[in-house]
Amino acid sequence: MESLTHLDRLEAESMHIMREVASEVDRPVMLYSVGKDSSVMLHLALKAFYPSLPPFPLMHVDTTWKFRDMIAFRDRRAKELGLELIVHTNPDGVAEGVGPFTHGSAYHTDVMKTQALKQALDLHGFNAAFGGARRDEEKSRAKERIFSFRAPGHRWDPKNQRPELWNIYNTRMHKGESIRVFPLSNWTELDIWQYIFREGIEIPDLYFAAERPVVNYEGTLIMVDDDRMPLDGLTVETKSVRFRTLGCYPLTGAVESTAATLPDIIKETLLSTSSERQGRVIDSDQAASMEKKKQEGYF
Amino acid sequence: MALGENDRTLIEDDVVGYLQRHEDKSLLRFITCGSVDDGKSTLIGRLLYDAQMLYEDQVASLTADSKKQGTQGQDIDFALLVDGLAAEREQGITIDVAYRFFSTEKRKFIVADTPGHEQYTRNMATGASTAELAVLLVDARAGLMTQTRRHSFICSSLGIRKIVLAVNKMDLVDFDQKRFEEIEADYRAFAKDLGFDDILCIPMSALTGDNITTPSDKTPYYDGPPLLEHLESVSSTRQEEAPFRLPVQWVNRPNLDFRGFSGTVASGSIKPGDPIIAIPSGRRSTVSRIVTMDGDLQEAGPLQAVTLTLEDEIDISRGDMICGKDSPAEQSDQFSARLLWMADDAMLPGRQYLFKTANNTVPGQVSKLKHKIDVNTLAEKPGKTLALNEIAAVNLNLSAPIAFDPYEENRQTGSFVVIDRQTNATVGAGMIDFSLRRAANVVWQDLEVGREERAALKHQRPAMLWFTGLSGSGKSTIANLVEKRLYDMGRHTAILDGDNVRHGLNKDLGFTDADRVENIRRVAETAKLMLDAGLIVMVSFISPFRDERQMARNLVPDGEFIEIHVDTPLEVAEQRDVKGLYAKARAGEIKNFTGIDSEYQPPRHPELRINTVDMTAEEAAETIVQHLTDGGYLSA
């Protein structure tokens, strides 16, 4: 028989991980952040349980600052697939009026993402949450387990991780503890794109170049997605742009591009000279910032 | 992404063609072993760099970091790229397993990078468990070290059969041929009993890049491939010829018309129409379909995640293993295995742990620590317990049979991890060598007459009445009265009494903690057989330890274990001293006497508690029979 390619093996490993969680954990949920990695993760979940639907809901932590197209895409996909979608927004943050323009990216991310995620998991009693993080994204991720165990309060202790041998995952936990599960741990950015291409996985239009209204905001091209964007002294220009990652629109830099087809954006990604996280504002703190954030409960 | 000029041109011209070529890549997982001093991190950093897997911003930040913290002056310190966690960057050591990814035209690689010191044996075993090949680094100046032997042994134990001995830092010995050949000869002599199929020794320098991606002109005496070329071409392990094994992970039941069994094929291949047998249930059927979202497959092989449907409606669940009918996996509950301990708290033989295999979790214990293995000398040494990072040959005793293959034949179906029942931590990892039961290959027959049928014939439901309490508390007296009443009512009973059993079945056992555990295990198993015969069984044993009573409880279906605590205070029992044993124990003539110098752990939630101070033996018997009547045990 034909030998398995690296994508086949990655696919099978991810499916195995998801089935293991579904079998052993009583309250799993899949964190769906609408981006390309989430799209791949969702596709793998559909495959893992076919002809059943994935036996867990999707959950999106909505900061209220996501691109409008992301929200539309999210709602449409969940409906088409017949999957339960839970959307959570931190009500405290909303009451406080937290936003990246007024409160800065660090505070916004903490309140509307990190705290909101913890709230949502606690609120619904989820004790296992799938996330689309990959080990190749960032140095401290390289050592995180596929089943990443969290103490009560969602804290991650990098020095006290469970050993993972073979494909045997220990899912046992006490009440109040939880596990973050990363089925894409062993995928690289190139694998993700190749798989999207091979499988014909649908991703939001924001990844494709189009004429969009943007401003040059402190050196980054930010799309004017709604009227909350403070425009004092800034000129809105219409440019052909696209996004390499999707998040809160004020924190997501656009790149000028004319790549409007999947092969074209893959080509651009492959030929680009900077890693994808560079467009994210969250990493530009000190070197160990991601490790610190994760200890506090960030995905 | 940083790419070579060829790739760049290809992508520019025909990105679809490029993607298609890269789609057909295979995958190789390997581990690098060696210490910081051997240049391991430098080697991995070099592979990533030379394979052009770094973005320019990563290279820029690496260059900046190198100047700030690096040990290579103005040159790039590749180790900084690899040592991920902040704590490690500060301490300058690698303390965990990190996974790195790079790929070439031909292959994608997943590298497990683990520390080399003895206190990180567990980390190395973790990395080795999924690796098909190991790159062992040695410093050309130092030659084989203790750690080289340790790493080789761990790799061999974890089933790695392909080794690259990377004789590194050849630049520091002027690429001396004699030195290289000495080290190679030493290693081949040492490794001849470790079961490696394929050993390649390469003279190299990670720092200067010699024999890493391109052949070095400084080693004309070496005519083998450079490291990367070897990694690209070495055959990737795939157990296609082995018998078919599908550990069932999840039963796929979207509606009443579909019942599939999902799992990842561990070995072998399967086609629709192939006959199968499920182990340990022993049920047989034929594969009907191999279902995937992309359509049914005509064949499925190793590492594929699939869903099988069968011709017959047979009961298979998670924990079962679907096997080719003519070559089923073995099943057993007693094994000889090798165990690596991974926790600070030592492993104690006799203590209950959970054993998790590919798809099953079963309580059990290490019944015997045969010998420890010195990871540095491979010498056997005696021991009673197993500490962190130690490896031993052990016997295991599980509470239920599992399907398995010897690890040497199948890494997926021969491996297990050990879980602490209190903390839920993963405390050990093991490899099954063989079953300790000769009957392991006998597949259980489907029984036409079951326990329900037998019990129904007797108009009763089977039950195990477990009388626990101090010596002299009145267990046997009460049990005898209960049996007499049940007999009068026309019920079918049996009685197992501590003293009597110790004269026969258990006469080889003493009163140490380990023997007490074994004593209870045998009695519980015997009682279970009697339950299967439909009997109401009275077991009258001091059974001082909660864990062992729990073990007995776990053996039987819910509701059939009735724990009766015959609760007599020690002073009262000692005062009665029917058999004169307490006097002897106090006088030191009997050792390990429960209540005197051996602990009694009272049940926390017994089904019944009989206080013999307030209640006569007759009243106690009446209470128990009433409990059986109320519970419907006497009216089936």
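Between chain A and chain B, 30 residue pairs are in polar contact, both residues being at pLDDT 80 or more. A polar contact here is a pair of N or O atoms within 3.5 Å; within protein, one must be able to donate a hydrogen and the other to accept it, and residues adjacent in sequence count only if both atoms are side-chain atoms. On the chain A side, the helices α1 (6-24), α2 (36-49), α7 (189-199) and α8 (262-271) each supply at least two of the residues that touch chain B. The largest share, 13 residues, comes from α1(A). Helices (H or I, at least four residues) and strands (E, at least two) are DSSP runs, numbered from the N terminus.

Keep in mind that this is a predicted model, where local features need pLDDT of at least 70 and side-chain atom pairs count only at pLDDT 80 or more, while totals for chains, interfaces and linings use all residues. Residues are numbered from 1 along each chain as its sequence is written, chains are lettered from A and ligands numbered from 1 in the order in which they are written, and side-chain values use heavy atoms, with hydrogens and water left out.

Back to the interface. Chain A puts 73 residues into the contact and chain B puts in 92 residues, contact meaning heavy atoms within 4.5 Å. Together the two chains bury about 7100 Å², with 58% of it on carbon and sulfur atoms. Buried area is the accessible area (1.4 Å probe) that two parts lose on being put together, summed over both.

Now for the charges. A salt bridge is a side-chain nitrogen of Lys or Arg within 4 Å of a carboxyl oxygen of Asp or Glu. The whole structure has 53 salt bridges over all chains, and eight salt bridges cross the interface of chain A and chain B. Here are two examples:

| Salt bridge | N to O distance |
|---|---|
| R318(B) and E24(A) | 3.2 Å |
| D113(B) and K40(B) | 2.7 Å |

D113(B) sits in strand β3 (residues 107-113) of chain B and K40(B) in helix α3 (residues 40-50) of chain B, so this pair ties together parts that are 73 residues apart in sequence.

How do α7(A) and α8(A) pack, and at what angle? Their axes are 11 Å apart and the angle is about 170°. Axes are lines fitted to C-alpha atoms, for helices over the stretch in contact, and angles run from 0 to 180 degrees between N-to-C directions. The two helices α7(A) and α8(A) are therefore roughly antiparallel, a label for angles over 145 degrees. Among the residues that meet are W193(A) and F197(A) from α7(A), and I265(A) and L270(A) from α8(A).

Y50(A) and P51(A) are joined by a cis peptide bond, with omega about 5°, and P51(A) is in the loop between α2 and β2 (58-61) of chain A. In chain B, the peptide bond from I279(B) to P280(B) is cis too, with omega near 5°.

Key: Angles under 35 degrees count as roughly parallel, over 145 as roughly antiparallel, 65 to 115 as roughly perpendicular and the rest as oblique.
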